[in-house]
Each structure stands twice: as structure tokens, then as C-alpha cells.
Amino acid sequence: MNAAATAVPSSPHVMNTYGRLPIAMSHGRGCRVWDVNGKEYLDALAGIAVNTLGHAHPKLVPALQDQVAKLIHSSNYYHVPNQEVLARMLVERSGMTNVFFCSSGLEANEAALKLARKYGHDKGIERPEIVVYEKAFHGRSIATLSATGNPKVQAGFGPLVEGFIRVPLNDIEALKKATVGNPNVVAVFFETIQGEGGVNPMRAQYLQDVRALCDAQDWLLMIDEVQCGMGRTGKWFAHQWAGIQPDVMPLAKGLGSGVPIGAVVAGPKAANIFQPGNHGTTFGGNPLAMRAGVETIRIMEEEGLLENAATVGAHLRGRLEAALLGKPGVKDIRGQGLMIGIELDKPCGVITQRAADAGLLLSVTADSVIRLVPPLIMTTAEADEVCAILLPIIAAFLAENT
């Protein structure tokens, strides 16, 4: 291999906004990817919960090639037939009413915040307020950053947008206390399982209690399923484990298996808040993204990937728990399906590089939580391979003096 092929990748003309690993990917197949130097990796990150069908899926690739050869973009001045096809698919699987399409999770969450404010204004509330959560992450625009519960990512970007009330997770009394007697509250907004915040799940009973409170107070229940939705937990949407339905549900990430796509699914209470002129997008709902969404859902159902996520996720979590729970330095293992967090008792960001060196892609979030969000096609054998690579790395890391 020549010297140029083994050079460390760099991007000197790209704005320095990421703490990148010194790796550049070349291609992938299934749950494996190869970098430009030919090194192979098992992918337990899936582009941060994006590559639902893994890489180069034999049913998705020809469908996208077909679409690219026909029409990539037109405009929302015109009907895009697959918008209606994909919207119907999402409505049928969520039990909700209609859909707005955009291009990212941030845009979907931003649209949800606008829906909530418009909902309040339509009710005569001049300064609507939205309940949000500690440790939440909803995006990096000024509004979604303001809704996010991480002072580190907010630092340097004030003044933040007003109109948010922040509460702790899984504490219905804290939610009631924070909102009692406040006529300006219009919505409660959270992730069913917080991703960037450390893979923190909302308990089923809490979800049911919040749904009941929103019904009693005539608030919108807005559930961010950007990272935990689209089959990752073994149901289409993670809140469905609690038997509830939101009024507003932002989606993105896994919906297009790598093609940028976002969506806001609305129930009856929110379905008609936006009217022409209230909101819009240039790229959202384009023919390529819509084809990707339609094919992703079709292939997920053909290949039983919801069941696979539940089965393989339970297997992987069981292996991790058997090896790690109760060990000094391991605080918790949590999540559902193929969304798993391993919380250690000290910052462990170095594990991202060490795992990559050993041929495993993952991430560390909230400083001390190892996050596994692999493609939903992962097999039990590949889950065992994740453990074979990761467990010795964790053991060695915990044995180090700090």
C-alpha cells in the first residue's frame, strides 16, 4: 500500500465543528464498513441511528438508483406523489392524522415548536410556554438549542429563546408543580428515550401520566422520536410500548436509511394548525427522500426488522449485562431494542477511538455513556462480535488509574 493510501485523513478547508476520529470511510455492506485504507469495521453506530438497513442494502440501492435517474428534486409548488404514499404509511403505523416533511431532525423539532406556539396563539395565549426536560437534546438551531437541556452545548449562544419550562425526567409531581396555575403552558415536549443525553428512557407509567395530564389541561403532547423511533426499540415508535399516542411526533434519522429526511406527524389536535404560509421547506419532501422513506418502511416490514431489533437488542443487552452489571465502575446498562447505553462512573470518550482501533464503531455520549445504535439488520452473531470487541476494551479502561 503506498504512502498516500495510508495517510491520516484531514479536512483543512472544512469548518472545524467536529472532534473527528482520523478515519475516512470508503464503502460499506450490511453492518460492515471499510475506510479508505482498507481497514474493516463492525458498525454499531449506524451513522448515529441513521442507517436502518445498514450499508448498500440490495433492495434499497436499486430503488434509489431508479429514483435518481427519474427525479431528485422538484418543489413543493407541486404535488410529490410519494409524499402521500409515505405520509399514509406513517399515519397507518402511528394511528395519527397527517405529516409535514422536512430534511432533518432539527427541522422536525423546530416545526413542532412552531406548532405548539401557533396552537397557543390560536387559543389566545400571547406568550406560549412549552415544558422541556433536563438532559434533553432536540437540535442546534437557536430554538431547539433553547429546548435542549445541556448547558455545555448552549454555552456561547445566548440569549436563548424564551418560553421553556424545564423539569426532571420521570417525575410527574415535578411536572405538575412546575406548571400549576400557569395559563401559558401549551405543550410538553420530550424524547421517549433520550439519545444524546445518555440513553435515558421515560418510564411507561410516566408516559401514561403525562398523556393524561395533557388531556386534562388541553396541552399538546409532543414526543421527539428522531433517534428512538423507526423501529429501533422493536416497535415503530418507542412511545408505543406505553400504549399512548402523541399529538405531535418529530421523526428523522432512520426514516430514510441515510438519505436526509425529517417528518412531523400530527394527531387530530395538531393536524390543522399549520395552514399555507405558516411553514415550509425547500428540500423537504423531495422525490429522492420520499422514495427512500417508502422503501425503508417496505423493506423493514418484508425483512421483519422490528422483531429483529427487539430480539437482537435483547440478546446484546443480555450479554452486556451478564458481563458488566455489578462490576466496579459500571453504573448502569439501559435502553431498549437496538438502542443501548452503558454508563460508566467516569468520562470514557477515549473508548470511541479504542473501539475504532479494534474495528468497532460506536459513540460516547453524555461524557460517560457508551452508546450502541447499530443498523436494525444486525444479527445475533454480529451482536456477539460487538461484545467480543467491546468488553475487553471496557475492562481495560476500568482497570486504569485516573
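Predicted model: local features only at pLDDT ≥ 70, side-chain atom pairs only at ≥ 80, totals over all residues.

Visitor: What makes a residue of β10 buried?

Guide: The cut-off is under 20% relative accessible area. Five of the five residues in β10 are buried, so each of them falls under that value.

Visitor: And which residues of β10 lie on one side and which on the other?

Guide: L220, M222 and D224 are on one side, with L221 and I223 on the other, and all are buried, so both faces are covered. In a regular strand, side chains alternate between the two faces of the sheet.

Visitor: How do you know that β7 and β10 pair?

Guide: Pairing takes at least two bridges. Strand β7 (residues 185–191) is joined to β10 by five, so the two count as paired, and they run parallel. V188, for instance, has L221 in β10 as its bridge partner.

Visitor: Why is L160 called partly exposed?

Guide: Buried would need under 20% and exposed over 50%. L160 has 35% relative accessibility, so it lands in between. You'll find L160 in the loop between α6 (151–154) and β6 (164–167).

Visitor: Why do β13 and β16 count as edge strands?

Guide: They belong to an open sheet of four strands, ordered β13-β14-β17-β16 and paired antiparallel. β13 (330–336) and β16 (363–365) each have a single partner strand, so one side of each has no neighbour in the sheet. Neighbouring strands here are turned by 25° against each other on average, direction ignored.

Visitor: How do you know that β14 and β17 pair?

Guide: Four bridges link β14 (residues 339–344) to β17 (residues 369–372) in the antiparallel sense, and at least two are needed, so they qualify. I340 stands opposite L372 in β17. Helix α10 (residues 305–324) packs on this sheet, touching β13, β14 and β17, and its direction makes about 170° with that of β13.

Visitor: What makes β3 and β15 a pair?

Guide: Two bridges join β3 (residues 40–43) to β15 and the requirement is at least two, so they count as a parallel pair. D43 has L361 as its bridge partner in β15.

Technical notes
Residues numbered from 1 in each chain as written. Heavy atoms only, no water. Axes fitted to C-alpha atoms, helices over the stretch in contact; angles between N-to-C directions. Contact = heavy atoms within 4.5 Å. Buried < 20%, exposed > 50% of the residue type's maximum accessible area, 1.4 Å probe, protein only.
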